[in-house]
Amino acid sequence: MSPATLPKPSEPRWRRRAEARPEEILEAALEEFGARGFEAARMEDIAKRAGLSKAAIYLYFQSKVALLEALIEAKVGPLAQTAQMIASAGSADPLNALRTLATAAAFRLNDPALLAVPRLVIGISGRFPEIATYYREHVVEKARGALEALIEGAMAKGQIRRADKNAIVRAFIGPLFFEAMWTHVLGGETALHDPQKLIKQQFDVLLSGLELRA
């Protein structure tokens, strides 16, 4: 058998484990923050949950703030990235892209795990304003920029009338945010189980105020 046809040795277990560690640490951190709160949680307890020594965890994350920033990127960041992708691909029909974006967001918000990080950020934002700033810059502003681009495109194409973009963004995001909080925080009856119906109702109400006027 020639060297070219020799079977490749399986990847060492320790290497696969090392590559998985950042994700395992983040999951452990989210559990620890949820159980003890951000301020009371300790790096050594997070390391223990992840099956690491206290020294080892610092090879990946230098502080609890760094851990929370990484959680923001891992858990909520993809939603903002999805918004940007939909906005980039939706220039031909911005109004339809807005519907697509809203439906995608509603599907994601049906997952209670998605709200775990925003709830943490809201709870500590007064004492850790740098975390609130990080969340705003890396999630909110990216999603907001995507929304504003689609709204501007829809107005330019005559799909909706000219109006204040900031007001439209708030009218767009507000009901979704309320529905997620109502469902996953306050335990109310949810409409998120049928995201398409929810978005259709939201757009019917929203567009009735934005339809072109003679």
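The model is predicted. Its secondary structure comes to 9 helices and 0 strands. The chain has 214 residues, and 37% of them count as buried.

**Overall layout**

- Read from the N terminus, the elements run α-α-α-α-α-α-α-α-α.
- Take the contacts in the chain with a separation of 6 or more: 68% of them join residues 24 or more positions apart.

**How to read a helix pair**

- Two packed helices are described by the angle between their axes and the distance between the axes.
- The pairs below are given in those terms.

**H4 and H5**

- Helix H4 spans residues 64-89, and helix H5 spans residues 94-109.
- Their axes come within 9 Å and cross at roughly 165°.
- An angle over 145 degrees counts as roughly antiparallel, so H4 and H5 are roughly antiparallel to each other.
- H4 passes H5 in a right-handed crossing.
- On the H4 side, the contact is made by Lys 75, Pro 78, Leu 79, Ala 83 and Ile 86.
- On the H5 side, the residues are Ala 97, Thr 100, Leu 101, Ala 104, Ala 105 and Arg 108.
- By class, this contact of H4 with H5 holds 8 nonpolar, 1 polar and 2 charged residues.

**H4 and H6**

- The axes of H4 and H6 come within 10 Å and cross at roughly 140°.
- That angle makes H4 oblique to H6.
- The crossing of H4 and H6 is left-handed.
- H4 brings Leu 68, Leu 71, Ile 72, Lys 75 and Val 76 to the contact.
- H6 meets them with Val 117, Pro 118, Leu 120, Val 121 and Ile 124.
- The contact of H4 with H6 has 9 nonpolar, no polar and 1 charged residues.
- Lys 75 of H4 takes part in the contact with H5 and also in the contact with H6.

**The buried side of H6**

- Helix H6 covers residues 116-124.
- Which residues of H6 are buried? They are Val 117, Pro 118, Leu 120, Val 121 and Ile 124.

**H5 and H7**

- Helix H7 spans residues 129-156.
- The axes of H5 and H7 come within 8 Å and cross at roughly 150°.
- H5 passes H7 in a left-handed crossing.
- Pro 94, Leu 95, Ala 97, Leu 98 and Leu 101 are the H5 residues in this contact.
- Their partners in H7 are Leu 147, Leu 150, Ile 151, Gly 153 and Ala 154.
- The contact of H5 with H7 counts 9 nonpolar, 1 polar and no charged residues.
- Ala 97 and Leu 101 of H5 touch H7, and both also belong to the contact with H4.

- Where is Asp 45 placed? Asp 45 is in helix H2, which covers residues 43-49.
- Asp 45 counts as buried because its relative accessibility is 15%, and buried means under 20%.
- Leaving aside neighbours within four places in sequence, Asp 45 is in contact with Glu 32 and Arg 36.
- Asp 111 sits in the loop between H5 and H6.
- At 39% relative accessibility, Asp 111 counts as partly exposed.
- Asp 111 and Ala 180 are 69 residues apart along the chain, and their C-alpha atoms are separated by 9.0 Å.

Key: Residues are numbered from 1 along each chain as its sequence is written. This is a predicted model: local features need pLDDT of at least 70, side-chain atom pairs count only at pLDDT 80 or more; totals for chains, interfaces and linings use all residues. Side-chain values use heavy atoms; hydrogens and water are left out. Buried means under 20% relative accessible area, exposed over 50%, partly exposed in between (1.4 Å probe, protein chains only). Helices (H or I, at least four residues) and strands (E, at least two) are DSSP runs, numbered from the N terminus. Axes are lines fitted to C-alpha atoms, for helices over the stretch in contact, and angles run from 0 to 180 degrees between N-to-C directions. Angles under 35 degrees count as roughly parallel, over 145 as roughly antiparallel, 65 to 115 as roughly perpendicular and the rest as oblique. A crossing is left-handed if the near helix is turned anticlockwise from the far one by less than a right angle, and right-handed if clockwise. Contact means heavy atoms within 4.5 Å. Ala, Val, Leu, Ile, Met, Phe, Trp, Tyr, Cys and Pro count as nonpolar, Asp, Glu, Lys and Arg as charged, and the others, Gly among them, as polar.
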